[in-house]
Amino acid sequence: MSVSEAVRSRDLVLGSFAAEVRTDSAVQSLAQGMGRFLDAKELTERLDGFAALAAWIASGGRMPGAGDGSRLHGFLTLLEGNAELRTAVHAAVRQVFGQMRSVELFAEAGLQPRGGLGSEAIRRITQRILPSARRESDLGGLIARLYPDSKAIDRLLNVPDEEFERLARALCPVEDAGAWTTQRSDLRQAFQLLAVHVAGIGLSPGMRERSFPNAIEDSPYYRLQQATAEVVGRDGDAEARAAWREQIHRIRTELEHAHLRMEDAGVSTALVFDLLTIERAINRMVCIAVVLFVAEAHESIAAVKLLLDDVMNARRDEMSVRGLFRENTGLLARKIVERTGKAGEHYIANSRKEYRGIWWASLGGGLLTVMTAAIKMRIAEAHLPPFVEFMAAGTNYAVSFIALQHLHLALATKQPSVTAATFAGIVRTSRGKEREDRVADFVSRITRSQLASAAANLIAVGAGCVGFAELWFWLFSRPYLEVQSAEHVYQTLDPVASGTIIYAILTGVILWVSALAGGWVENFSTFNSIPLAIAQHPLGHTVGQERMKRLANFVDANISGWVTCIVLGYLLGFVPALGKFFGVPLDVRHVTLSTGTLALAAASFGRDWLYRGWFVHTMYGIAVTFVLNLTVSFSIAASVALRAYGVMRQDQLKLLRYTLKSFVRSPRRFLFPPREEALDAGRVL
């Protein structure tokens with residue numbers, strides 16, 4: 001039956017239903033929509049009819065005579081039970097696909113270049129209000145019309161495979177190879193355009209710098225174009241497909257290598273986006289290759305569904321404003337993690353020798369913090385204007401932290417947010433039982449390292465502040481802190497009567513932000529070759545090239561630490577001043593500094609250091625501050641890092657359960673290094 005003979009389409013539809021339900025509004029709407037689709041003379045009219053049918057099915061109303069009452073089931077039952085109507089639909093669909101072009105849909109969906117975050121967000125919002133005009137013959141336009149939002153796309157993606165096959169066979173002339181000539185031709189063109197797209201990104205300067213040192217003609221990105229043209233020209237014979245798959249495998253290897261090279265060459269969000277685009281493009285190419293060259297006749301519908309799912313997922317991500325922010329957050333997370341994953345390794349004790357080293361470095365860090373705590377109290381007692389107090393306190397902290405860095409001393413609370421990236425790297429590079437064992441081993445090492453560092457910090461700063469207060473009293477015959485100041489310290493460290501819990505959490509966030517800033521600046525320096533620029537500066541002709549090289553190495557080794565220390569110091573000073581400025585109770589609780597100020601206050605009370613039992617409450621406050629400082633900063637950093645590598649929540653919970661079981665089985669290894677020093681030192685992260 002030809003389309004021109006389909007004037008009886010409305011009667012065909014109504015005749016398929018029992019007389020008593022033909023007047024039902026759902027049946028009448030279906031008959032009207034089928035008539036518009038089958039009787040149309042122009043492509044535009046036919047597409048309007050098809051869109052009306054799709055809207056009728058998606059409306060979700062019930063349909064008489066359908067097995068489960070759904071309109072989709074009723075529509076499928078109608079076509080499957082009426083051969084004449086099904087033939088008419090196949091003829092109409094054949095004409096549609098013969099006139100529609102799909103190159104842009106398959107070659108560009110989800111793979112278009114991105115502008116900045118703001119401009120891209122504006123573009124997507126504008127697209128929702130006023131979608132871009134498309135040619136009538138553009139299949140992408142029909143897809144956008146049928147599935148205009150994420151909910152509609154999700155409905156399609158959630159259609160079971162069996163139901164999708166029923167729908168395809170009911171609507172489309174699946175067995176008629178001639179009906180798909182245009183679409184197969186467009187798929188071949190999209191296949192080759194994707195290869196060109198991959199090559200263009202893969203051969204860009206940023207990617208070449210992070211690739212294996214191949215000549216251009218030997219690069220898998222370059223050869224993929226040739227292999228793709230070959231496989232298309234030879235209609236996908238086995239030898240051509242094997243050569244093409246080899247280049248795809250080489251590109252995947254190049255992508256892994258590029259991720260590793262980011263630690264040395266730096267990374268930008270644009271570069272991370274390029275890597276993701278290449279991954280998506282080659283996944284799309286694999287789907288197209290299966291449809292064109294691999295799938296047998298009985299597998300063709302399943303292969304088309306995989307390709308369609310890939311395209312629709314890309315379109316959903318491409319049109320979502322929330323998805324844009326989520327993707328950019330993920331890109332930023334990748335950028336952070338790729339650069340800070342290696343930085344945390346030296347904070348972890350792998351042997352007893354390194355464990356003792358952490359103790360000594362942390363004891364030194366605690367002693368240095370004595371002066372920081374003493375100056376902090378003097379600044380607080382001065383009741384300076386908020387801005388002056390912020391600058392004074394921030395400078396005190398920043399100078400102290402930088403001194404810690406250059407004296408190779410340790411402060412426990414600065415470490416967790418950096419080591420979390422190393423933890424995420426383990427999760428990314430391992431699977432199954434190996435991953436669980438490595439994570440449990442890593443958590444045991446970081447736990448005992450952090451406990452040792454924190455214990456040494458607190459012992460040293462506590463004893464040091466008591467000694468400092470006693471020396472002050474011996475020299476000046478008066479306590480270092482006045483009674484009012486000492487009372488205030490006791491009150492502010494009470495975990496129940498003060499905001500210590502909230503302030504300790506806020507400090508954990510500040511610790512993470514400072515590590516984030518340090519990683520960002522280090523990446524900026526590496527990506528833009530700042531140390532190399534310093535080494536090659538013309539000033540070297542005056543002061544000497546060797547001095548400039550030493551300066552470059554010095555900057556390269558310390559720039560991340562400097563920024564982390566400065567940002568941490570000034571944020572710790574800024575938050576209380578900000579609270580005073582706005583009249584809001586804002587403060588910070590850093591465990592080492594709080595312990596130092598508590599020791600100064602206790603020493604100022606002399607024999608009355610328990611001070612009506614308040615001291616006991618302050619010790620609870622110190623314990624709470626210690627736990628929250630470390631866990632909040634580590635948890636945020638680990639969460640960002642795990643998200644960057646796409647670790648699912650259920651996998652995260654599984655790792656947590658396994659680690660807790662490991663602790664119950666062997667708690668000692670989470671507290672002290674094992675005796676098998678050689679074995680422990682030989683472990684590789």
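Author: The accessible surface of the protein chain comes to about 33,100 Å², and 61% of that area belongs to carbon and sulfur atoms; areas here come from the Shrake-Rupley method with a 1.4 Å probe, and for residues only the protein chains shown count as cover. This is a predicted model, in which local features need pLDDT of at least 70 and side-chain atom pairs count only at pLDDT 80 or more, while totals for chains, interfaces and linings use all residues. Residues are numbered from 1 along each chain as its sequence is written, and side-chain values use heavy atoms, with hydrogens and water left out.

Of its 685 residues, 48% are buried, where buried means under 20% relative accessible area, exposed means over 50%, and partly exposed lies in between (1.4 Å probe, protein chains only). The chain has 30 helices and zero strands; these are DSSP runs numbered from the N terminus, with helices being H or I of at least four residues and strands being E of at least two. Among contacts with a separation of 6 or more, 79% join residues 24 or more positions apart, a contact being heavy atoms within 4.5 Å.

Now to the salt bridges themselves. The term covers a side-chain nitrogen of Lys or Arg within 4 Å of a carboxyl oxygen of Asp or Glu, and by this rule the count comes to 22.

Let's begin with K305 and D309, whose side chains meet in a salt bridge at 3.1 Å, N to O. Both residues lie in helix 16 (residues 300-319), four residues apart, or about one turn of the helix. K305 is buried, and D309 is buried too.

Another pair is D218 and R223, with a distance of 3.0 Å from N to O. Here D218 is partly exposed, at a relative accessible area of 31%, and R223 is also partly exposed, at 32%.

For R378 and E381, the closest N and O atoms of the salt bridge are 2.7 Å apart. These two sit in helix 18 (residues 352-382), three residues from each other, so about one helical turn separates them. R378 has a relative accessible area of 28% and is partly exposed; E381, at 24%, is partly exposed as well. Elsewhere, salt bridges that share partners join E230, R234, D237 and E239 into one network.
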